[in-house]
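Q: Can you walk me through this one? I have the viewer open and I'm new to this.

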Amino acid sequence: MKRGILIAIAVGASAVVVLAVALASRFGSDPTLSASPLIGQRAPDAVVSLLPDGQDFRLSDLTGEIVVVNFWAPWCLPCRDEHPDLLATAEAYASSGVRVLGIAYQSDTGHVLQYLDELGWGYDIAMDERSRAAIGFGIRGVPETFFVDRDGTVVAKVTGPVNRALLSATIDAIILGEPVDSGTTGTVQPAP
């Protein structure tokens, strides 16, 4: 009888230690941040509407190219900061088989067109009707950027704004077949 009680106490104490270690390892980290389950998976093949003419477009149409999929919105302040870097990257890598696709998140077409007329066009921009692409990619806010390799596999995700150095380093690594990292560069805006 005493032996059974001692075993029960030892098992209970071990469970408390394991729980304490698990909680301590998560202390100080943002529980809303987690790696994308899409890394290593085929990119969602949602249909979006290219601007300015509204032509339907599938992400799988870009298989064979490296694709930078950037979810953004005209009401997103960090998106304004990263836009010039996305424009420069799209231009710099166009001849290397790299496409930048900006997908407007929870935005109306009028505001998106006004934003692009003000800050510039230079890569494909699409509307996400009924947020199907955002749901497929698991978007929690903007900006969020995904990198898709030539096989159509998601190889990295950046949560928060991107800059030219980060874009170039990630694209160069994909071109060279080197491993790439996902990361967080800042906060995202979930809504206007």
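Q: Let's start with a strand. Which residue in β6 does V67 stand opposite?
A: V67 stands opposite V148. Keep in mind that this is a predicted model.

Q: How do β3 and β6 pair, parallel or antiparallel?
A: They pair in the antiparallel sense. The pairing runs over five bridges.

Q: What other strand pairs with β6?
A: Strand β7, residues 154–159, pairs with β6. That pairing is antiparallel too, over five bridges. T145, for instance, stands opposite V158 in β7.

Q: How many residues sit between β6 and β7?
A: Five, and the two strands form a hairpin. Look for G152 in the turn, which has a positive phi of about 85 degrees.

Q: Is β6 buried or exposed?
A: Buried. Five of the five residues in β6, residues 144–148, are buried, so the strand is largely enclosed by the rest of the structure.

Q: Which way do its side chains point?
A: E144, F146 and V148 point one way from β6. T145 and F147 point the other way. In a regular strand, side chains alternate between the two faces of the sheet.

Q: Zoom out. What's the strand order in the sheet?
A: β2-β1-β5-β4-β3-β6-β7-β8. It is an open sheet of eight strands with mixed pairing.

Q: Which strands stand at the edges?
A: β2 (55–58) and β8 (183–184). Each has a single partner strand, so one side of each is left without a neighbour in the sheet.

Q: And how do β1 and β5 pair?
A: Strand β1, residues 47–50, and strand β5, residues 124–127, pair in the antiparallel sense over two bridges. Find S49: it stands opposite M127 in β5.

Q: Which strands does α3 touch?
A: Helix α3 packs on the sheet and touches β3, β4 and β5. Its direction makes about 165 degrees with that of β5.

Q: Now the core. How many residues does the largest nonpolar core have?
A: It has 53 residues. V69, F71 and F137 have the most contacts inside it.

Q: Which strand gives the most to that core?
A: Strand β3, residues 66–72, with six residues.

Q: What is F137 in contact with?
A: Leaving aside neighbours within four places in sequence, F137 is in contact with L38, A43, P44, L59, V69, F71 and F146. Ring pairs also link F71, F137 and F146 into a cluster.

Q: How many aromatic pairs does the structure hold?
A: Five. One joins W75 and Y105: their ring centres are 6.4 Å apart and their planes are at 50 degrees, so the pair is tilted.

Q: Where do W75 and Y105 lie?
A: W75 lies in the loop between β3 and α2, and Y105 in the loop between β4 (98–104) and α3 (109–119), so the pair ties together parts that are 30 residues apart in sequence. Both residues are buried.

Q: Last topic. Where is H83 found?
A: H83 is in helix α2, residues 77–93.

Q: Why does H83 count as buried?
A: Because its relative accessible area is 3%, and buried means under 20%.

Q: What does the H83 side chain join up with through a polar contact?
A: The side chain of Y123, at 3.1 Å. Not counting residues up to four places away in sequence, H83 touches Y115, L116, L119, G120 and Y123.

Key: Residues numbered from 1 in each chain as written. Predicted model: local features only at pLDDT ≥ 70, side-chain atom pairs only at ≥ 80, totals over all residues. Heavy atoms only, no water. Core = buried A, V, L, I, M, F, W, Y, C linked by side-chain atoms within 4.5 Å. Buried < 20%, exposed > 50% of the residue type's maximum accessible area, 1.4 Å probe, protein only. Helix = DSSP H or I, 4+ residues; strand = E, 2+ residues; numbered from the N terminus. Contact = heavy atoms within 4.5 Å. Polar contact = N/O pair within 3.5 Å; in protein donor to acceptor, adjacent residues only side chain to side chain. Phe/Tyr/Trp six-rings, centres within 6.5 Å; stacked < 30°, edge-to-face > 60°. Pairing = 2+ DSSP bridges. Axes fitted to C-alpha atoms, helices over the stretch in contact; angles between N-to-C directions.
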